[in-house]
Amino acid sequence: MIMDQAIVIGSLSVGLLILAIYIKNRGNNSHLRIDPQEAKRRLDKEKGIVLLDVRSQEEYIDSHIPKSISIPLSVLRQEASEKLPDKQITIFTYCRSGNRSRAAVKILLKQGYTNVFDLGGIVRWPFRTVSGK
């Protein structure tokens with residue numbers, strides 16, 4: 001009887017621990033972040049990475065990271081599958097401060113993209129930027 005109670009209490013404790021870890025990590029996309037130095041290293045070394053600017057067209061024209069493409073967050077849901085047909089391609093999203101890029105990662109993951117990383121804001125990009133289309 002005492003042994004059965006100990007097993008039940010132990011099982012409940014493990015279950016609660018697993019539930020607490022799940023709740024803590026639910027919606028945690030920290031593993032989907034990439035810092036500017038790592039992104040730059042990979043962009044210089046690897047072929048085929050898409051650098052996706054999700055700011056407005058005006059912001060993009062004003063200043064953007066070289067070789068990035070512009071799909072504003074406001075139209076990303078509608079245009080992603082047409083402009084980014086390969087759902088396994090590596091995508092680094094960025095915006096001005098990091099809020100829109102984080103939202104873009106969530107949108108792309110929901111649409112079935114599997115290799116999406118949040119670069120955050122261009123304000124944290126310490127490397128060269130360009131202007132124009």
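Modeller: One term to begin with: buried means under 20% relative accessible area, exposed means over 50%, and partly exposed is in between (1.4 Å probe, protein chains only). This is a predicted model, where local features need pLDDT of at least 70, side-chain atom pairs count only at pLDDT 80 or more, and totals for chains, interfaces and linings use all residues. Residues are numbered from 1 along each chain as its sequence is written, and side-chain values use heavy atoms, with hydrogens and water left out.

Colleague: Now strand S3. Why is S3 largely enclosed?

Modeller: Six of the six residues of S3, residues 90-95, are buried, so the rest of the structure largely encloses the strand. Thr 90, Phe 92 and Tyr 94 are buried on one side, and Ile 91, Thr 93 and Cys 95 are buried on the other.

Colleague: Which strands are joined to S3?

Modeller: S1 (residues 50-53) runs parallel to S3, with four bridges. S4 (residues 115-121) is parallel to S3 too, with six bridges. Two strands pair if DSSP finds at least two bridges between them. On the S4 side, Val 116 stands opposite Ile 91.

Colleague: And how does the chain cross from S3 to S4?

Modeller: Through helix H5 (residues 99-110), in a right-handed β-α-β crossover. Right-handed means that, with the strands pointing away from the viewer, the path from the first strand over the helix to the second runs clockwise.

Colleague: Switching topic. How many aromatic pairs are there?

Modeller: Two. Rings of Phe, Tyr and Trp (its six-membered ring) pair if their centres lie within 6.5 Å; planes under 30 degrees apart are stacked, over 60 edge-to-face, and the rest tilted. The centres of Phe 92 and Phe 117 are 5.9 Å apart and the planes are at 80°, so this pair is edge-to-face. Phe 92 is in S3 and Phe 117 in S4, so the pair ties together parts 25 residues apart in sequence. Phe 92 is buried at 0% relative accessibility, and Phe 117 is buried at 17%.

Colleague: What about the other pair?

Modeller: Trp 125 and Phe 127, also edge-to-face, at 5.1 Å centre to centre and 70° between the planes. Trp 125 is buried at 8%, while Phe 127 is partly exposed at 31%.

Colleague: Which residue lies over the face of Phe 127?

Modeller: Lys 40, at 5.7 Å from the ring centre. The rule is that NZ of Lys or CZ of Arg is within 6 Å of the ring centre and within 35 degrees of the ring normal. The charged end of Arg 42 sits over the ring of Phe 117, 5.6 Å from its centre.

Colleague: Last one. How many residues does the largest nonpolar core have?

Modeller: It has 16, and Leu 52, Ile 91 and Leu 108 are among those with the most contacts inside it. Such a core is a set of buried Ala, Val, Leu, Ile, Met, Phe, Trp, Tyr and Cys residues joined through side-chain atoms within 4.5 Å. H5 gives the largest share, four residues.

Conventions:
Helices (H or I, at least four residues) and strands (E, at least two) are DSSP runs, numbered from the N terminus.
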